[in-house]
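Okay, everyone, thanks for coming.

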Amino acid sequence: MDIRNIAIIAHVDHGKTTLTDALMRQTGAAKEGVSMDSNKLEQERGITIYSKNAAVVWHDTKINIIDTPGHADFGSEVERVLRAIDCVLLVVDAQEGPMPQTRFVLKKSLELGLKPIVIINKIDKPAADPHKCEVQVLELFLELGATDEQANFPIVYANGRAGIAVKKLSDLNDSKDLPNRQAGLTPLLETILEHVPPASTSEAEGKPLRLQPFNLGYDNFLGRLAVCRVYEGVVSKSQNVFIKKPGQSARSGKLTKIFTFSGLERVEAESAVAGDIVLVAGLPDIDIGETISGAADAAALPAIAVDEPTIKLNFLVNNSPFAGREGKFVTSRQIRERLERELEINVGLRIDFSAMDNFVVCGRGELHIAILLETMRREGYEMQVSQPQVITKEIDGVKVEPFEEAVINAPAEYQGSIIERLSQRGMILQNMHLSGKTVRIIMEGPTRGLLGYRNQFMIDTKGEGILSSHFIGFRPFTGEIKKRQTGSMISMTAGKALGYSLWNLQERGTLYIGPNIEVYVGMVIGNTAKGDEMEVNPTKGKTLSNTRSKSSDEAIMLTPPIELTIERGLEIMAGDEYLEITPKSTRLRKQQNIK
Ligand SMILES: Nc1nc2c(ncn2[C@@H]2O[C@H](COP(=O)(O)OP(=O)(O)OP(=O)(O)O)[C@@H](O)[C@H]2O)c(=O)[nH]1
Ligand SMILES: [Mg+2]
């Protein structure tokens, strides 16, 4: 069967997964209600975390589709995938237009010589402006140095949620609400078959075997799995193979099983031919970018680079007064083993295990780390982590640090405070446009300045702003950044927090706990409005007195506390604090117990 390999790429939330799901439904590869976002955390958060393979069959052609995550923290997943496919579907929200991650993934695609198909999606949105979006996309292609051929991209307009695509906007019936439902996504499928080159030729199929992993997986029974593109030849199960990296000698191995994709499922196969995407088992030490071949002297395929981490933090055994109450796995050996397993599949992660019980974990951003912590806590792990810091290094004797581009869409009234706050954090204004009542601000600066800012941004824009940022490279260190310090409210007593004392404390800042929550000495229970550190007693009851005053009998009205999630904790914690994460609780505390 003819094979086509595509990846679907976009900025976060522009509708990649919804469109992939719709393609699977229309081609009968998956039933209603089945989604590519199959992981529980993905479903809860409504975002894609891991890139995943699916395959659909249409007009006797197998289309392997790789759905990728749009969030910048998972950008390195996308880059690897781009090496294994022949075309990308670049999805752009017709209302938002190209966003930072659109630019990032398009840039990578163009550099690899891919010729994208552009999908202007969400055309049903009331404020959608497909024409403007199209112009902006073309400008982006040109700005990124697209060749004439690349810039002459085919366009499909879609409402992925309704499963509808058209090649010309005039193909829609007059009203946006009454599109031509018959054809569904057929115009998109046709464009894919017309535009995406076949994955292989009979010449490639006749050559000796070469395949290359671009993603890793793990199975309790089969062990390490590698998702590979077969470039040449035919791969069979139980085959003896050789594995090598460019410039290194080959080692041998034996495949135990191979799978191909059908819908979202993996299907065991006897063999697979050049062009197909397969999952192979049996190679416990296989790595991304290595070449698996049938002969020891086969040339290695070009390596696949994996992006370096930009932030780091320490993972330690929880040693708070409440340590071990909830966790099933609490020792440093257990945490270490779990992290070692994570390294098998979490490609953007690096871990330094050289200290006995203080592991330095390096990742691609706060969300990347938060997802790992959330996954571990759900498995029953308990640990504490230090404040995330950026990774600095030296290039040619110059100290460099990670830089990011931040793109903000917010109501125009907040533009002054956003720019002021970010300038203080070392970010420099690059561009700004006003459209209607919304302003788009583009700033660039050290990642360090953005760490811990998102929470403040939500407050500054009353939750109406959208901030997205992505890594743009290591640049010379910009010197000290003075962030406005928020001070912590630290409990000086142990016991149950009482409504009465919280009622008094809420005047002085924002609380992270409500009444009846158990606290210990040194636990951070809130932050102070004035920015100074404050030791408080949240367990104090009301003193009884003989005289009744009217005011002390007032009903206690407590403001709901802000919930300390892992992500928020990583943001707001100070350098001298630990974030304590157990299966049921997230607490902040001072590293040194106060006297
Ligand atoms: N109005 C409208 N909403 C859509 C359309 N397609 C998707 N959405 C909605 O947009 C949101 C994001 O959709 P997803 O498909 O998860 O987006 P994604 O690009 O896969 O997101 P990430 O993988 O996290 O980057 C969901 O709430 C969808 O229901 C569309 O065509 N029109
Ligand atoms: Mg998605």
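Asp60 sits in the loop between β2 and β3, and its phi is positive, near 60 degrees, though the residue is not glycine.

A quick word on where this comes from: it's a predicted model, where local features need pLDDT of at least 70, side-chain atom pairs count only at pLDDT 80 or more, and totals for chains, interfaces and linings use all residues. Residues are numbered from 1 along each chain as its sequence is written, while chains are lettered from A and ligands numbered from 1 in the order in which they are written. Helices (H or I, at least four residues) and strands (E, at least two) are DSSP runs, numbered from the N terminus.

Back to that loop. His59 is in it too, between β2 (52-58) and β3. His59 also has a positive phi, about 50 degrees, without being a glycine, and with 11 other C-beta atoms within 10 Å it is exposed.

Now for something buried: helix α3, where eight of eight residues are buried. They pack against several elements, including β1 (2-10), β3 (61-67) and α4; packing contact here means C-beta atoms, placed from the backbone, within 7 Å.

So how do α3 and α4 pack? Helix α3 (residues 75-82) meets helix α4 (residues 100-111) at about 25 degrees, with the axes 10 Å apart. Axes are lines fitted to C-alpha atoms over the stretch in contact, and angles run from 0 to 180 degrees between N-to-C directions. The two helices are therefore roughly parallel, the word for angles under 35 degrees. From α3, the contact uses Gly75, Val78, Glu79 and Leu82, and from α4 it uses Phe104, Val105, Lys108 and Ser109. By class, that's four nonpolar, two polar and two charged.

Last stop, ligand 1. Which residues come nearest? Of the 21 around ligand 1, they are Thr17, Thr18, Ile47, Thr48 and Gly70, where "around" means a C-beta atom, placed from the backbone, within 6 Å. The shell has four nonpolar, 11 polar and six charged residues. For those classes, Ala, Val, Leu, Ile, Met, Phe, Trp, Tyr, Cys and Pro are nonpolar, Asp, Glu, Lys and Arg are charged, and the others, Gly among them, are polar.

How values were computed. Parallel < 35°, antiparallel > 145°, perpendicular 65-115°, else oblique. Contact = placed C-beta atoms within 7 Å. Buried ≥ 20, exposed ≤ 12 C-beta atoms within 10 Å, placed from the backbone.
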